[in-house]
Amino acid sequence: MKLDVITLDGGKAGSIDLDDALFGLEPRADILHRVVRWQRAKAQAGTHSVLGKSDVSYSTKKIYRQKGTGGARHGSKKAPIFRHGGVYKGPTPRSHAHDLTKKFRALGLRHALSAKAKAGNLVVLDAADMAEAKTKLLAKAAKELGWKKVLVIDGSAVNENFAKAARNIEGIDVLPSMGANVYDILKRETLVLTKAGVEALEARLK
């Protein structure tokens, strides 16, 4: 598929041929869902913890004699049925991560790129370069281009001035090509790829 290339000031900079194997697929929600779920599960801290019966600080003395009270038999007051007792089978610290093959993860990224292309939310930028790190200049350019929630993916390295200028603008995120991932692509309304970013992604996903 062919797409127009623009510059940061909104001018035209020719066109580019995009690989249909990356940008021309029919997006599948099930594939995208599995990859996003894998990403979010991997990012989950898993630090949830409660005190069980053996962790609660309380006396272990038998609270009353075994027989003759007319009440139920009880030992320690740390039992879960008592107030301030331990929690029964509560959450413990663990990893929520699960496996997903590299091929499937790459497939998910292709479908995410294709989803943006199909929706018309893919923009190809000639270069994400700035002479000086001025947030005001980038904010003005983004407003003129109609960018509200965008992810900019550059080549192997991001221009330092551009990254610094974008750092303080809400709704603009910048990543190098190796940082491109399904969750961040789908989270933003518009995906902006530089020409270097397109080349790097095509080389990475072929």
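Reader: Into which domains is the protein chain divided?

Author: This is a predicted model. The protein chain is divided into domain 1, residues 1-43 + 96-203, and domain 2, residues 49-89. Their centres, taken over C-alpha atoms, are separated by 56 Å.

Reader: What makes the strands an open sheet, and in what order do they come?

Author: The order is E2-E1-E3-E6-E4-E5, 6 strands with mixed pairing. The edge strands are E2 (12-17) and E5 (172-175), and each pairs on one side only. Neighbouring strands are turned by 30° against each other on average, direction ignored.

Reader: How do you know that E1 and E2 are paired?

Author: Pairing takes at least two bridges. E1 (residues 2-6) and E2 are joined by 4 bridges and run antiparallel. Leu 3, for instance, stands opposite Ile 16 in E2.

Reader: What about E1 and E3: how many bridges, and parallel or antiparallel?

Author: There are 2 bridges, and the two strands run parallel. The requirement is at least two, so E1 and E3 count as a pair. Ile 6 stands opposite Leu 125 in E3.

Reader: Which strands pair with E6, and over how many bridges?

Author: E3 pairs with E6 in the parallel sense over 4 bridges. E4 is joined to E6 by 4 bridges too, and that pair also runs parallel. Val 123 has Val 192 as its bridge partner in E6, while Val 124 stands opposite Leu 193.

Reader: Why is E6 called largely enclosed?

Author: Because 5 of its 5 residues are buried. Both faces are covered. Thr 190, Val 192 and Thr 194 lie on one side, Leu 191 and Leu 193 on the other.

Reader: And E3: which residues point which way?

Author: Leu 122 and Val 124 point one way, Val 123 and Leu 125 the other, and all are buried. In a regular strand the side chains alternate between the two faces of the sheet.

Reader: Ser 177 is in a loop. Why is it called buried or exposed?

Author: The value for Ser 177 is 5%. The limit for buried is under 20%, so Ser 177 is buried. The loop in question runs between E5 and helix H6 (182-187). The contacts of Ser 177 include Ile 153, Asp 154, Ala 200 and Arg 204.

Reader: What makes Asp 99 count as exposed?

Author: Its relative accessibility is 78%. Exposed means over 50%, so Asp 99 qualifies. Asp 99 lies in the loop between H2 and H3.

Reader: Which residues touch the most other members of the largest nonpolar core?

Author: Phe 23, Leu 113, Leu 122, Ile 153, Ile 185, Leu 191 and Leu 193, out of 28 residues. The largest share, 5 residues, comes from H3. Another core, of 17 residues, lies apart from it and includes Val 123, Val 152, Ile 169 and Val 192.

Reader: What does Phe 23 touch?

Author: Its contacts include Met 1, Leu 18, Leu 113, Leu 122, Leu 193 and Glu 202.

Reader: How do H3 and H7 pack?

Author: They pack at an angle of about 145°, with axes 11 Å apart. H3 passes H7 in a left-handed crossing. Ala 106, Leu 109, Arg 110 and Leu 113 of H3 make the contact with Leu 201, Arg 204 and Leu 205 of H7.

Reader: Which strands does H7 lie across?

Author: H7 (residues 195-205) lies across E1, E2, E3, E4 and E6, and runs at about 90° to E6.

Conventions
Residues are numbered from 1 along each chain as its sequence is written. This is a predicted model: local features need pLDDT of at least 70, side-chain atom pairs count only at pLDDT 80 or more; totals for chains, interfaces and linings use all residues. Side-chain values use heavy atoms; hydrogens and water are left out. Axes are lines fitted to C-alpha atoms, for helices over the stretch in contact, and angles run from 0 to 180 degrees between N-to-C directions. Contact means heavy atoms within 4.5 Å. Buried means under 20% relative accessible area, exposed over 50%, partly exposed in between (1.4 Å probe, protein chains only). A nonpolar core is a set of buried Ala, Val, Leu, Ile, Met, Phe, Trp, Tyr and Cys residues joined through side-chain atoms within 4.5 Å. Domain bounds come from an automatic or database domain assignment. A crossing is left-handed if the near helix is turned anticlockwise from the far one by less than a right angle, and right-handed if clockwise. Lists of a residue's contacts leave out its neighbours within four places in sequence.
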